[in-house]
Amino acid sequence: MKFPSKQNNVLPIRSFTILLIWCLAIKLSLCFSSFPSSLKTLNVEGHFCFDNNEFAARDFGNRFRFLPSAVLHPKSVSDIATIIEHIWQKGPGSKLTVAARGHGHSLQGQAQAPQGIVINMESLSRQEMKVHTGRFPYVDVSAGELWINILHECLKFGLAPKSWTDYLHLTVGGTLSNAGISGQAFRHGPQISNVHQLEVVTGKGEVRVCSEEQNADLFHGVLGGLGQFGIITRARIALEPAPKMVKWIRVHYSDFSTFARDQEHLISVENTFDYIEGLVMINKTGLINNWRSSFNPQDPVQASQFKSDGRTLFCLELTKNFNPGEADRIDQEIESLLSQLSYIPSTLFMSETSYVEFLDRVHAAELKLRSKGLWDLPHPWLNLLVPKSKINSFAEGVLGNILTDTNNGPVLVYPVNKSRWDNRTSVVLPEEDIFYLVAFLPQATPLSKENDGLESLLSLNKRILDYCEEAHLGVKQYLPHYTTQEEWRAHFGQQWEVLVRRKLAYDPLAILAPGQRIFQKAISTL
Ligand code: FAD
């Protein structure tokens, strides 16, 4: 028997090592092929990642997946400015685009950058939050900060932001790029009406501080600007004294116009509720019974006799803030306000909870859905802003007609006052003083061919949009999504020219927010 010589052993190892290095080299060159090597030489405090970037090609909508060439995890504002300025200097010779990614809770790939660079804004959130107390309190935060963290920080000073979204695990930059609407918006306006100052990196890589007084056009452009004019890096947000507790109330209607009339009444009276929203329930037997664990019926006997029997019901959801010692006075105010409404008397439910628990309520639902594996499903959401004069026609045509049940997810309906919005911002609104947010928020069951399947839910959205168009309801999409520039033009209407002017001023090469698909980067083929 012949033993293999030492020389024979070394040869295969050497060949294997060469093969391995060669493979690695190919992998690296593939990785970097669409990523200019000049970017790698830039001096940044943070770092780039070229692998394992699948998270940056995902979002809450779970329908669009475009992988970037790289993800920048910035440590400072100058990291962001350096990268963008470099791409700007390259001119139309470079294909690279840049998307700021907040918490990635977009619905249709808006925070993605196909083959471009995604900037993970949450890396910036490690910067300190600074709360300023006094007569007009405010907080300075990084735009990558989550609203839930801002709430906790401000509460240490007995303060809190004034205007919210229903869900707080979203970043400041992400919601300010849209509007940030919830049940407080009728009083305080959306979140974009509660910002004093921003720091922004434009599409030319310039760092600009802007406010009503300084660089006002950029300030207004960026608010609700869908990330088109700059990356928000810091924001100064208005605060108010935070209450400790809320009284949380639900009452129900079987008639939409009475429900809407009461909502409109409540948003117009003095000393009203602190939060006003509405919920549609179609074909949802037993829902009210399910609430009994967290809400107490005002009249338990009557409430137990109430049967929804699959009827369409409209739930008005209200809160009143209070502090310990004020409960009796607040109860009287609530009684007086409720006495002005025409809900079904047996359907009054009340609860009491901490302010934080109320504001973070959707997170509690998230944890439940996550535990059942139901959070990461596709979400074909549709958010509409419907003018007040058309809301009854909308309800008649859509609720209970096109939409025959609400088993796939909540449907919200509530009015807001346009007077609390600033018409110089980029957000697009219907042409009336009061309009409703109507949010269809379903989740799709994978592979289902039934009503809960993705295709079916998307075609339902299309039918709703077609109906609005044919009936000339003057509806605008909130969190809009379009694929052609014609559609975007129609969405912006008279504001299109302002949008184009601002784009030319602040991001003339269309480097920023490619996932919105409004403008395409001009690329020279020379
Ligand atoms: P991302 O999805 O990461 O980004 C959204 C867009 O903003 C992208 O185009 C991105 O490029 C851009 N962007 C992100 N950060 C910046 C920045 N710093 N500077 C410039 N551009 C930036 N909205 C409401 O108004 N009210 C609600 O009650 C509400 N509830 C929601 C509940 C849930 C469960 C979810 C998933 C969404 C909800 N939304 C609500 C929508 C939400 O406000 C938007 O989807 C928001 O954009 C998500 O924030 P984000 O941090 O995840 O942003």
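Predicted model: local features only at pLDDT ≥ 70, side-chain atom pairs only at ≥ 80, totals over all residues.
Residues are numbered from 1 along each chain as its sequence is written, and side-chain values use heavy atoms, with hydrogens and water left out.

**View 1. The shell around the ligand.** Count the residues around the ligand and you get 33, with G102, H105, S106, T171 and Y478 the closest; a residue is in if one of its heavy atoms lies within 4 Å. By type, the shell splits into 14 nonpolar, 17 polar and 2 charged residues. Here Ala, Val, Leu, Ile, Met, Phe, Trp, Tyr, Cys and Pro are nonpolar, Asp, Glu, Lys and Arg are charged, and the others, Gly among them, are polar.

View 2. A backbone N or O atom of H105 sits 2.6 Å from a ligand oxygen, and one of A100 sits 2.7 Å from a ligand oxygen. For G104, a polar backbone atom is 3.0 Å from an oxygen atom of the ligand. The cut-off for a polar contact is a pair of N or O atoms within 3.5 Å; within protein, one must be able to donate a hydrogen and the other to accept it, and residues adjacent in sequence count only if both atoms are side-chain atoms. Taken alone the ligand exposes 960 Å², and the protein buries 95% of that (Shrake-Rupley areas, 1.4 Å probe). β3 (98-101), α5 (172-176) and β10 (230-241) each give two or more residues to the shell; helices (H or I, at least four residues) and strands (E, at least two) are DSSP runs, numbered from the N terminus.

**View 3. The largest cavity.** There are 4 cavities of 30 Å³ or more, and the largest has a volume of about 90 Å³. A cavity is a set of points, on a 1 Å grid over the protein atoms alone, where a 1.4 Å probe fits but cannot get out; lining residues have an atom within 4 Å of a point. Points are joined across faces, edges and corners, and the volume is the space filled by probe spheres set on them. The lining includes N178, Y478, H491 and F492, and its residues divide into 7 nonpolar, 5 polar and no charged.

**View 4. The second largest cavity.** This cavity has a volume of about 60 Å³. Among its lining residues are K162, R187, E240 and D274, and the lining as a whole has 3 nonpolar, 4 polar and 4 charged residues.

Technical notes: 1 Å grid on protein atoms, 1.4 Å probe; cavity = no way out; pocket = protein on both sides within 12 Å on 5 of 7 lines; lining within 4 Å.
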